[in-house]
Amino acid sequence: MKPLTLILGSSGKTGSRIVNKLNQLNYPLRLGGRKTIPAFDWEKSEGWDEVIQGIDQIYISYQPDLAHPNSIHHIQKLIELSKKNNVKRLVLLSGRGEPEAVACEKLVENSGLEWTILRSSWFSQNFSEGMFLGQILERNVIFPKLKSTEPFVDLEDLTDLAVDALVKNVHIGKKYELTGPTLLSFQDAFGQIAKELNETISYEEIPLDAYITMLNEYGLDQETIWLIRYLFETVLDGRNESVVDDFEKVMGKKPKDFTNYVKVTAKSGIWDVVKT
Ligand SMILES: NC(=O)c1ccc[n+]([C@@H]2O[C@H](COP(=O)([O-])OP(=O)(O)OC[C@H]3O[C@@H](n4cnc5c(N)ncnc54)[C@H](OP(=O)(O)O)[C@@H]3O)[C@@H](O)[C@H]2O)c1
């Protein structure tokens, strides 16, 4: 019998891919998010018991980020309920270079359950399914001034490994650091997209404080603004400027690079500007 798997963040960038891949393998699934039935909301733990009942294993994509001060309490509570409901395995998506995420990882590692941790760099798909898409569609990027480069991870790779960790036993008790094969500045990343589209995307760098002021003027909520400052100030301070080969070692194939992501994504049409 295949285990019943709960995917938290099932409509998100990693969750939706894992759902598709496990569906293809005929794994029984329960989807977890604020609009699923039953609903799973990180802010409403009174509903979690119903979602976890009967579940054998959980893929955990936390919201908004394991760096958030509430995450440790939420992950602790999730582990307690998992044990109460006889869940056997947890696969945790974590963020590279975040001390608060490491504290959550430790809870999972010490849970007494089977676990795998995927500690990821920034996703390539942030440029097509996340926070950078709007500016690309406007062909006008205003970005905080950064010195560091980032080894963007392709989510097809990350979710191949997540699925492997949910269907095989070889990843039990393993913590993987996931990076793409190349370090790239954000400016170069936007530049590659512009080149592939054969269009101009203007790019202006401004100090982080000015960028945060701009986000406040746009009326972005304070929690998201806090997270964006944290990511640009802490995670992108240069600590993650390295490439590691965990993915290739464990999956036996090279990780996809950003150039490949750009070519594939441009063909999907998601960056095309619809002319009215
Ligand atoms: N983006 C990156 O580059 C990156 C890199 C490393 C690690 N990560 C980690 O990846 C995780 C996912 O981040 P993401 O930005 O890529 O988001 P995402 O997975 O694309 O989207 C968020 C998902 O979470 C659900 N969700 C949102 N708020 C929720 C809540 N309060 N309770 C329950 N579910 C909720 C959403 O569904 P509903 O709206 O329907 O609830 C959706 O399924 C985060 O923990 C992040 O730290 C991200």
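Visitor: How does the radius of gyration of this protein chain sit with a compact globule?
Guide: A compact globule with 276 residues would have a radius of gyration near 19 Å, and the protein chain has 19 Å, so the two agree. Keep in mind that this is a predicted model.

Visitor: And what box do the C-alpha atoms fill?
Guide: Along the principal axes, the C-alpha atoms of the protein chain fill a box of roughly 55 × 40 × 40 Å.

Visitor: How many helices and strands are there?
Guide: The protein chain comes to 12 helices and 8 strands. As for contacts between residues at least 6 apart in sequence, 78% of them join residues at least 24 apart.

Visitor: What share of the residues is buried?
Guide: Buried residues make up 50% of the 276. The protein chain exposes about 13,200 Å², with carbon and sulfur atoms supplying 51% of that area.

Visitor: Switching to charges, how many positive and negative side chains are there?
Guide: There are 32 positive and 39 negative side chains, and the centres of the two sets lie 5 Å apart.

Visitor: Which residues does the UniProt domain annotation cover?
Guide: The unreviewed UniProt entry carries the annotation "domain: NAD(P)-binding" for residues 9-126. That span is 36% helix and 19% strand, and its end C-alpha atoms lie 16 Å apart.

Visitor: Let's pick a residue. Where is Val-19, and is it buried or exposed?
Guide: Val-19 is in helix 1, which runs over residues 13-24. Val-19 counts as buried because its relative accessible area is 10%, and the cut-off for buried is under 20%.

Visitor: What does Val-19 touch?
Guide: Apart from residues up to four places away in sequence, Val-19 touches Ile-7, Ser-10, Leu-29 and Leu-31.

Visitor: Okay, Tyr-59. Which strand is it in?
Guide: Tyr-59 lies in strand 3, residues 57-60. Tyr-59 is buried, with a relative accessible area of 0%. Leaving out residues up to four places away in sequence, Tyr-59 touches a list of residues including Leu-6, Ile-7, Thr-14, Val-91 and Leu-158.

Visitor: And Ser-124, where does that one sit?
Guide: Ser-124 is in the loop between strand 5 (114-120) and helix 5 (126-129). Ser-124 is buried too, at a relative accessible area of 1%. Setting aside neighbours within four places in sequence, Ser-124 is in contact with Phe-152, Val-153, Asp-154, Phe-258 and Tyr-261.

Visitor: What about Asn-240, buried or exposed?
Guide: Asn-240 is buried, with a relative accessible area of 5%. Its place is in the loop between helix 10 (222-235) and helix 11 (246-251). Beyond its neighbours within four places in sequence, Asn-240 has contacts that include Arg-96, Glu-150 and Leu-183.

Visitor: New topic: which residues does a cis peptide bond join?
Guide: One joins Ile-37 and Pro-38, with omega about -5°. Another joins Gln-63 and Pro-64, where omega is about 0°. Pro-38 is in the loop between strand 2 (29-32) and helix 2 (48-52), while Pro-64 is in the loop between strand 3 and helix 3 (71-84).

Visitor: What is the phi of Asn-86?
Guide: Asn-86 has a positive phi of about 60°, although it is not a glycine. Asn-86 is in the loop between helix 3 and strand 4 (89-95), and is exposed, with a relative accessible area of 58%.

Visitor: And what is the phi of Asn-198?
Guide: Phi of Asn-198 is near 60°, again positive in a residue other than glycine. Asn-198 is in the loop between helix 8 (186-197) and strand 8 (202-206). Asn-198 is exposed, at a relative accessible area of 72%.

Technical notes:
Residues are numbered from 1 along each chain as its sequence is written. This is a predicted model: local features need pLDDT of at least 70, side-chain atom pairs count only at pLDDT 80 or more; totals for chains, interfaces and linings use all residues. Side-chain values use heavy atoms; hydrogens and water are left out. Helices (H or I, at least four residues) and strands (E, at least two) are DSSP runs, numbered from the N terminus. Buried means under 20% relative accessible area, exposed over 50%, partly exposed in between (1.4 Å probe, protein chains only). Contact means heavy atoms within 4.5 Å. UniProt positions are given in the numbering used here, feature names are shortened, and annotations may be inferred rather than shown by experiment. The radius of gyration is taken over C-alpha atoms; the globule rule is 2.2 Å times the number of residues to the power 0.38. Accessible areas come from the Shrake-Rupley method with a 1.4 Å probe; for residues, only the protein chains shown count as cover. Lys and Arg count as positive and Asp and Glu as negative; His and the chain ends are not counted. The place of a charge is taken as NZ of Lys, CZ of Arg, CG of Asp or CD of Glu.
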